[in-house]
Amino acid sequence: MSGSNVLEVRGLSARIAGQEVVHDVSFEVPASGVTAVLGRNGVGKTSTLRAILGLVERSGEVLLDGVRVDGERTDRIVRRGVSYVPEDREVFAGLTVAENLRLAERGTTAHGTTPERRGLVDALFPDLVKRAGQRAGTLSGGQQQMVSLARALLNDNRILLVDEPTKGLAPRIVTEVAETLATAALTVPVLLVEQNLQVVERLAERVVVIDAGRVVHTGPARELLDDPELVQRLLGVSAGGAGDEVSTSSTSEEVEAGR
Amino acid sequence: MARGGEPVLETAGLGLTIGGARILTGVDLRVGRGELVGVIGPNGAGKTTLFNLISGLYRPTSGRVLLDGRDVTAASVAVRARAGLGRTFQTSSLFPRLSVAENVRLATQRRLGGSLSVLSFPRRGDAASAEAAEHLVTVGLTHRADAAAGDLSHGDKRKLEIAVLLAMDSSVVLLDEPMAGVATGDVAGLVEVIRSINESGRTVLMVEHHMDVVLGLADRVAVLHHGELLTCDVPERVMADETVQSAYLGTTAGSAA
Amino acid sequence: MSTLILLIATGLGLGGLYFLVASGLSLIYGLMGVLNFAHGSFLTLGAFVGLAAGNLVGAGTWGGLLLGLVVGALTGAAAATVTELGLIRPLYNRHIEQVLVTVGLSLATVALFEGIWGPNPRNVTRPGWLASTTDVLGAHVPNTAFLNVLAGAAVLCGIVAFLRYTRYGLIIRAGVENRAMVTALGIDVRRAFTLVFAVGGAAAGLGGVLATQSLNYVSPHMGASLLIFAFIVTVIGGMGSLTGAAVASVVVAVLQQLANFYLNNTGDLIVVLLLALVLLVRPSGLLGRPA
Amino acid sequence: MNRTRTLLAALGTLALLACLPLLAIPVPGVLPGYTYEPGTLQLLALCWLTAALALSYNLLFGVAGLMSFGHALYFAAGIYGLAIVLDRTDVPLLPAAALVLVGGVALAFVVGAISLRVTGISFAMVTLAFAQAGNVLVRRDQGDLTGGEEGLALATDGVPAALVGVVNTRNLYWLALVVLLLVYLVVLWIERSRAGHVAAAVRENEVRVRIIGGRPYLTKLVVFVLAASLATVVGMAYLLLQSGASPATSTADFTLTLLVMVVLGGVGSRWGAVVGAVLYTLLDQRLAELAHSEAVAGLPAVLRIPLSEPMFLLGTCFVLVVLFLPGGLAGAAQRLAARRRPAPEGAAA
């Protein structure tokens, strides 16, 4: 066991409605930086994250800082410092922004909320401070994603699990989300599920590729993204030039110029 | 329109707004008879919503859906299905505790009539069962005919969905990410099945992330982005379109050559 | 005119009772998806134990009634807590089984109550004022109606304030929307479940003692008969909607009183007809979210 | 081969049950006396009718997945309908029964059409409300039709003499057995029919049924009406057996006891429903006797009170089954068989 890994997953399987959707997945997340989980739609990336948290039926080992947590309930695992930013945001639509954030505060426990963290979140999301009294359901998709991220960042976490944070967002917002995540990743390791390869390129140092519920590739992000053939084979997307120096921000500028 | 003449499936100004959020706006899509149209777009662009509106699971807040020139906007899911509209779901949606054969037979039985009869029994030899058995042969699931559908592997479930689709004998078929969760090695076989469905004269509208599959199969490609239809054209032109490139392909994997 | 006022006033009083039962049902269903058949037993138990406690101070005194109300509410809360911890929690997320255990519990407890307190209704002694009436625009309105309306309104305000201003209220409101996500924020949502059961049980226990004052008797079956109307109220108001339950309680009870007087004692049937009508026009109930 | 054996076993059991009134078998502790005695036959006949009713409820709940809390309404409709027709008119038994059946079907159709607009828990509550309305009507005794709390005695003028009186309990026993067999066959028939298969499909995945062009609402309505009509038929036989109608059969509690029987036996299992119902009826009977026995009367209150309430024991027993025996008796039997089956293979290898 390596001491530099914050999270280790060994032989993890997940079942949904009695059907195994993740089979014997193993990988590590180093104690700093972003590790991206890649794979085509429906291969079990989301289920892997949810299995780590115990939100779906699972078997196998999950170690947080070398300690097994797979026997614990979801809320206990989260209180050990594992925050989750789910696919589709899952903000509480009927609650105000302030209430959404208040709900996420875990108090002054070991991995709870500190005044500094609260200040950081306020600084990171000035828009949310302005909209504190607004119902979260009336926010735009991008704003909801910010609420979801802010909920996770309020606490002093050991790791963030982030599921497709850019899904369905406009390119400019994608850039914003990516920048926010980059800032967050300076202080806490992130396990990121992402379809947008440019976001992956911008953020991730390491990648784990899943296909049909199994890990089929792990390694440095560069190595995968520089190899169009590998991208094509593993992810099923025509990656003509993932290695080109197209950054997220330049892409969004193109879009805006084009409109 | 690449094939056929008259549009068999048409949406006009189709839109859905939920609680002030615009999920889909003003989608005008015309699919000709026998065509295979791929629908692409980043996650959350509204592709599945479009399918739910066309198949009737959702009611649009604006616009119309026309099937064979007939306005079916107000028609129920079942009525549309009877009018020849079939679909699959992204995640398997079967009758988990019924057998594989029974899953298929329920569709053939519905089509051949007498579904609500308490006086007639389904039998091994009857027309509905015989046809169901044929479809199982087509997708290669005969050896699992008596297994409960819920016990199948993911790949076999996808095959079963295709068999049910064949059993419905729909003239228009909506495929929602048929490759989702299918191991890379099995993709080629499934592509052939979809091709044969299309070549038997059925119109296919297919949401798919797997670009090679879309480019290899589709007569035309529709691009959805933020709930709007950016374009719908032959693959070459869609791939060359700058707006599409930056909006979708650009943010996915760089530009296609 | 005075008859109409009397009927509306007694209807409002009855509505207060219905709401005390329906509020708990609605809260529990909204958060946990459980239809609690044993809710009537919480009411009956609260009534018997509350009255017994009140009699220690003195039957028919205000002090006794006050103590009875407090003890009744506490008893209901305790019974509900034990039920949640012992029977509902082990069947986490298996809604049908959860309904089934509450069905079994209701059958068993009613029988047990019969065994302990006998199958027949027993008269209760009320404080003098509660046994008399007050003149309102010529109508002799039973004073229990005022007490019931007051209690119903107080419980409504109390629950609304609890939901709006406390952290547990926040957790419950969030849990109604998305339970899994509440858990994923590091919150033990099961504690909120137990609390909701306890709050619902307290309202039912309170309703039980109040019902004895209105009916002037206490019986092992009073919970079951009130429960059926509470079910109807919950469906008409919209499953899981607290305000819906409040509105429907008043509508159902007033209509029932009017029909009983003007339409030859057909109140119960009219209520069922109203239910059918609501289902035909608006299957999700008056204030329920459309499916 | 296996099927033939099962069929032979079933026929054998049936023949034995049919011969019981002619035999003198004592089953101490279970039956009150020898099998030919009227008291015993009456209890057994009650078991068969309850089993038939539980089968009809299992069709609704187990096959179509419709949790109704108002099935007693159609049972009571059979009992009271026939009692009233025989009491108020000169129509002979068979035409009267046909008339009541038509009425039962119409009632089920109307109530089903309305309650099936909602699903799940709401459906349960709405069916309960309708049944409660029926109960209120029966108890209120409008126009002296139902006899209120007293109930209604069977008017025997239109009934064949062979079905009246304690001396003819044997015939009533056979009638009950025939009704059980009939209901079993009809339920089997419906389950195996095309509509039965669609109903099971609706239970599994309603959206998918709509996607393949089926009509879940109509399917559910068909099953609802069929199950209700069977209950009406059983109700009419029940009237003859008990030679009277009592308002207790129209209460919500009565439906709940049906639910208890079906869950006890195993939801969705036909023989489970039969065994559950028979077991329940016998237990109910024996526990009531236990309650009044001297052994119990001598106990301290903590033990005496619970033991003297059969419903308390049954309710508790039911809760335990739900908590610890998923699938009821049928589920337990299945698990037992599954555990036993691999053993011989292992021995052979």
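## Confidence in chain A

Among the elements of chain A, mean pLDDT is lowest in helix α11 (residues 248-258), at 33, and highest in strand β8 (residues 190-193), at 95. The model is predicted, and these values are the predictor's confidence in each residue. For chain A as a whole the mean pLDDT is 84, with 90% of its residues at 70 or more.

Over residues 239-259 of chain A, pLDDT stays under 50. For this stretch the model has 38 contacts beyond four places in sequence. Where pLDDT is low, the predicted coordinates should not be read in detail.

## Confidence in chain C

The mean pLDDT of chain C is 90, and 99% of the residues of chain C reach 70 or more. Among the elements of chain C, helix α3 (residues 62-88) has the highest mean, 95. The lowest mean in that set, 82, belongs to helix α5 (residues 128-131) of chain C.

## Two domains in chain A

The domain assignment divides chain A into domain 1, made of 1-80, 158-173 and 185-259, and domain 2, covering 89-157. Their contact takes 14 residues from domain 1 of chain A and 12 residues from domain 2 of chain A. Between them the two domains of chain A bury about 1000 Å², with 61% of that area on carbon and sulfur atoms. On the domain 1 side, A:Arg79, A:Arg158 and A:Leu160 supply 39% of the area buried against domain 2 of chain A, more than any other three residues.

The count of salt bridges between domain 1 and domain 2 of chain A is 0. Polar contacts are found across this interface of chain A, in 3 residue pairs with both members at pLDDT 80 or more. The elements that give two or more residues to the domain 1 side are α2 (74-79) and β7 (159-163) of chain A. By residue class, that side of domain 1 of chain A has 7 nonpolar, 1 polar and 6 charged residues.

## Chain C against chain A

The contact between these chains takes 17 residues from chain C and 21 residues from chain A. Chain C and chain A bury about 1700 Å² between them, and 60% of this lies on carbon and sulfur atoms. Within chain C, the residues that lose the most area to chain A are C:Leu170, C:Met181 and C:Leu185, which together make up 32% of what that side buries.

There are 2 salt bridges across the interface of chain C and chain A. One salt bridge pairs the side chains of C:Asp188 and A:Arg73, at 3.2 Å from N to O. Polar contacts between chain C and chain A come to 9 residue pairs, both members being at pLDDT 80 or more. On the chain C side, the elements that give two or more residues are α7 (167-177) and α8 (179-184). Of the elements of chain C, α7(C) gives the most to the side that touches chain A, with 6 residues. The residues of that side of chain C divide into 9 nonpolar, 3 polar and 5 charged.

## Chain C against chain D

Here 39 residues of chain C are in contact with 36 residues of chain D. The area buried between chain C and chain D is about 3400 Å², of which 83% is on carbon and sulfur atoms.

The interface of chain C and chain D has 1 salt bridge. In that salt bridge D:Arg140 is joined to C:Asp268, with the closest N and O atoms 4.0 Å apart. Polar contacts between chain C and chain D number 4 residue pairs, both residues being at pLDDT 80 or more. On chain C, the elements that give two or more residues to the side touching chain D are α4 (95-117), α10 (222-237) and α12 (267-281). The largest share of that side, 15 residues, comes from α4(C). Of the residues on the side of chain C that touches chain D, 29 are nonpolar, 6 polar and 4 charged.

## Chain pairs without contact

No contact joins chain B and chain C, and their closest C-alpha atoms lie 11 Å apart. Chain A and chain D do not touch either, the nearest C-alpha atoms of that pair being 13 Å apart.

Definitions and conventions. Residues numbered from 1 in each chain as written. Chains lettered and ligands numbered in written order. Heavy atoms only, no water. Contact = heavy atoms within 4.5 Å. Buried area = accessible area lost by both parts, 1.4 Å probe. Polar contact = N/O pair within 3.5 Å; in protein donor to acceptor, adjacent residues only side chain to side chain. Helix = DSSP H or I, 4+ residues; strand = E, 2+ residues; numbered from the N terminus. Nonpolar A, V, L, I, M, F, W, Y, C, P; charged D, E, K, R; others polar. Domains from an automatic or database assignment. pLDDT = per-residue confidence, 0-100.
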